[in-house]
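Good morning, colleagues. I would like to take a few minutes to go through one structure. Please have the sequence and the model in view.

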Amino acid sequence: MEPDVIPVTAFFEEEPYRTSLKVLRITDNVRDLQTNLRDKSTSRSDFIFYADRLIRLVVEEGLNQLPYKECVITTPTGHAYLGLRYEKGNCGVSIMRSGEAMEQGLRDCCRSIRLGKILIHSDEDTHEAKRVYAKVPVDIYKRKVLLMYPIMNTGNTVVKAVSVLQEHNAKEQNIILLNLFCTPQAVKQILTKFPGLTIVTTEVHPVTPNHFGQKYFGTD
């Protein structure tokens with residue numbers, strides 16, 4: 001049986017990308033979702049529907065990166081069953097605004113997970129990323145962090161957001177970035193600066209659907 005995730009792409013055959021970059025296996029279903037999200041003729045209602053489906057796939061693969069422990073439970077028929085439970089101590093952080101589109105998908109999978117938010121602003125002239133707002137769990141230093149940001153072009157916003165998390169004592173190796181589309185440039189910048197971080201995405205491509213946030217929130 002083929003695995004649900006392919007750890008490398010043609011862009012990144014060498015370390016650290018082999019272990020830090022997780023790209024979903026491109027099934028016909030995944031390619032259909034990607035195609036509809038890139039198609040300029042897709043209506044907004046359909047766009048949200050396809051985006052939410054793709055987000056759910058990324059979130060579920062992100063959950064596969066979290067630690068778990070074995071446990072023994074008793075079934076309704078009285079039998080013992082050896083199973084797994086996720087270890088406690090996880091949280092989600094969305095990079096506003098587009099990252100907020102992924103919050104519901106995470107909540108659908110983890111009903112009681114704690115969420116934080118970071119707002120980063122990039123200067124139009126210098127392209128320097130600056131923190132505008134940040135609210136994260138006070139004990140984030142001991143949590144696994146699912147950082148949500150669907151579209152990455154340069155990687156500048158994510159680099160700044162990770163730096164903000166580190167200012168709150170979050171550990172680099174505990175951060176899992178959930179993403180839909182990213183460029184090779186963004187991946188290289190992020191993993192060069194933060195090699196302990198894990199990226200989960202559906203596609204690494206030179207051109208990303210930059211209209212995502214405007215279309216999803218109806219501001220286009």
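Let me begin with Ala80, which, leaving aside its neighbours within four places in sequence, is in contact with Val72 and Ile73. The model is a predicted one. Ala80 belongs to strand 4, which covers residues 80-86. Is Ala80 buried or exposed? Its relative accessibility is 65%, and exposed means over 50%, so Ala80 counts as exposed.

I turn now to the helix pairs. Two packed helices are described by the angle between their axes and the distance between the axes. For helix 2, residues 28-38, and helix 3, residues 44-64, the angle is about 140° and the axes are 9 Å apart. The two helices are therefore oblique to each other, since only angles over 145 degrees would count as roughly antiparallel. The crossing of helix 2 and helix 3 is left-handed. Which residues make this contact? From helix 2 they are Asn29, Val30, Leu33, Gln34, Asn36 and Leu37, and from helix 3 they are Phe47, Tyr50, Ala51, Arg53, Leu54 and Leu57. By class, eight residues of the contact of helix 2 with helix 3 are nonpolar, three are polar and one is charged.

Let me stay with helix 3. The buried residues of helix 3 are Phe47, Tyr50, Ala51, Leu54, Ile55, Val58, Val59, Glu61, Gly62 and Leu63.

The second pair is helix 5, residues 156-167, and helix 6, residues 184-193. Their axes come within 9 Å and cross at roughly 20°. Helix 5 and helix 6 are therefore roughly parallel to each other, as angles under 35 degrees count as such. Their crossing is right-handed. Helix 5 contributes Asn156, Val158 and Val159 to the contact, and helix 6 contributes Gln189, Ile190 and Lys193. The contact of helix 5 with helix 6 comprises three nonpolar residues, two polar and one charged.

Finally, Lys188 is also placed in helix 6. At a relative accessibility of 42%, Lys188 counts as partly exposed.

Terms used:
Residues numbered from 1 in each chain as written. Predicted model: local features only at pLDDT ≥ 70, side-chain atom pairs only at ≥ 80, totals over all residues. Heavy atoms only, no water. Axes fitted to C-alpha atoms, helices over the stretch in contact; angles between N-to-C directions. Helix = DSSP H or I, 4+ residues; strand = E, 2+ residues; numbered from the N terminus. Parallel < 35°, antiparallel > 145°, perpendicular 65-115°, else oblique. Left-handed = near helix turned anticlockwise from the far one by under 90°. Contact = heavy atoms within 4.5 Å. Nonpolar A, V, L, I, M, F, W, Y, C, P; charged D, E, K, R; others polar. Buried < 20%, exposed > 50% of the residue type's maximum accessible area, 1.4 Å probe, protein only.
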